[in-house]
Amino acid sequence: MKDFDFIVVGGGLVGCSIAYGLARQKHRVAVLDGGDRSFRASRGNFGLVWVQGKGANFAPYARWTGQAANLWPHFAEQLTAESGIEIDYQRSGGMHFCLQEQEWDERVSEMELIRQHTDGMFEYEMLGHDQVKALIPQISSNVLGASYSTQDGHVNPLYLLQALQQGMDCHQVRYFPNQVIDKIEARQDGFHAHATEGVVSAGKIVLCAGLGNRGLGDMLGMDIPLVVDRGQIMITERLQPFLNLPTLHVRQTAEGTVQIGYSHEDVGLDDGTSPSVLKKIARRAVTMFPFLQRVRLVRAWGALRIMTPDNNPIYQQSAECPGAFTVTCHSGVTLSAMHAGPVAEWIAGRAEHNQINHFSTDRFNVSQN
Ligand SMILES: Cc1cc2nc3c(=O)[nH]c(=O)nc-3n(C[C@H](O)[C@H](O)[C@H](O)COP(=O)(O)OP(=O)(O)OC[C@H]3O[C@@H](n4cnc5c(N)ncnc54)[C@H](O)[C@@H]3O)c2cc1C
């Protein structure tokens with residue numbers, strides 16, 4: 001295998017966004033991706049490009065995610081033009097329904113905190129039941145109201161991944177599937193990644209291997225703390241359009257299917273499903289939209305979120321092995337525009353982006369040596 005400017009380890013949404021961004025800057029990039037049996041959050045997520053609720057505990061992340069959402073319209077346009085793949089991106093606004101008074105009060109506090117963190121850049125409204133019903137006639141009287149932000153949207157995450165792969169291809173990225181890296185050497189002449197079928201070398205390396213980043217980071221002097229969190233999602237048969245904007249728990253895709261989700265479980269590396277959690281998710285959706293109880297489900301799946309201890313992203317260059325970076329995060333759909341743009345520029349050394357310093361592992365007080 002040939003030498004490259006960059007090796008990107010991992011071909012999920014994070015790795016492909018970074019690789020696409022680096023290749024658009026004319027770098028020679030190789031993506032080394034694991035096998036079909038890998039954990040792949042990028043193939044099991046909900047597809048929200050989401051701002052509301054993000055960064056209440058960390059002001060830099062509230063600003064970061066807002067900027068990502070603002071980059072999305074141009075990013076989607078450019079990616080669609082280059083790849084020729086329609087990714088069903090819509091910035092239609094989004095809602096988070098509140099069923100109880102307490103939920104409403106907590107939501108108001110959270111939204112207000114994010115507004116303050118972003119100096120008013122984040123805009124939202126709290127809508128009462130009647131206002132929600134005016135926009136979504138099928139909503140049940142069980143719904144007290146909703147937080148609503150025009151900055152939210154959604155996309156088909158599988159088409160997004162496919163478009164990024166096609167975009168990488170347009171910019172001569174070499175994608176190597178079924179190449180599990182089990183050893184990385186940092187030498188004077190660059191990084192040497194030992195993959196299933198050989199060694200690939202490059203001047204710089206970027207770890208975007210999701211849950212694989214912890215073990216790979218150890219090889220390059222980076223302590224990358226990870227938390228695994230399982231989410232389960234169901235999908236229905238195709239229905240007539242009834243929901244023209246996404247909500248945190250229910251969204252209708254461009255094809256008409258309805259995705260129902262939102263669960264969090266600490267079950268280790270188990271990406272299966274469980275009837276008890278699916279029942280809970282379904283019940284909540286039916287409480288919001290009673291007609292859904294008569295609709296057929298066609299599939300359900302579990303997928304593992306790649307979380308950090310404070311839920312915020314990690315962008316880090318290794319102090320021990322300069323030239324080795326990691327991008328480890330949840331919300332890789334939302335952040336895709338940021339990863340293909342400013343983060344790829346930072347990794348390439350083209351721009352400083354002071355904001356990125358907020359996301360180093362220093363915040364966990366973890367020694368980098
Ligand atoms: C249930 C659920 C719902 C979600 N909903 C949303 C949402 O609505 N909006 C949003 O923005 N985000 C959402 N996310 C988060 C989003 O899906 C992830 O942030 C994103 O997919 C992470 O992408 P990734 O490339 O880091 O990881 P992955 O998709 O897991 O990819 C990692 C890749 O690295 C490869 N790899 C691992 N180890 C090695 C190795 N040693 N050598 C070579 N390759 C390796 C694997 O093969 C894999 O392809 C959700 C996640 C889940 C689980």
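Reader: Which backbone atom lies 2.9 Å from a nitrogen atom of the ligand?
Author: Polar contacts here are pairs of N or O atoms within 3.5 Å. Oxygen atoms of the ligand lie 3.3 Å from a backbone N or O atom of F39 and 3.1 Å from a polar backbone atom of A41. The 2.9 Å distance to a ligand nitrogen belongs to a polar backbone atom of L48.

Reader: How is the chain divided into domains?
Author: The bounds come from an automatic or database domain assignment. Residues are numbered from 1 along each chain as its sequence is written. Domain 1 is 3-47 + 158-225 + 312-364, and domain 2 is 93-153 + 227-307.

Reader: Which three residues supply 48% of the area that domain 1 buries against domain 2?
Author: Buried area is the accessible area (1.4 Å probe) that two parts lose on being put together, summed over both. Between domain 1 and domain 2 it is about 1300 Å², with 67% from carbon and sulfur atoms. The three residues are F39, F46 and L211.

Reader: What is the count of salt bridges between domain 1 and domain 2?
Author: A salt bridge needs a side-chain nitrogen of Lys or Arg within 4 Å of a carboxyl oxygen of Asp or Glu. As a predicted model, side-chain atom pairs count only at pLDDT 80 or more. The count is 0.

Terms used
Predicted model: local features only at pLDDT ≥ 70, side-chain atom pairs only at ≥ 80, totals over all residues. Heavy atoms only, no water. Polar contact = N/O pair within 3.5 Å; in protein donor to acceptor, adjacent residues only side chain to side chain.
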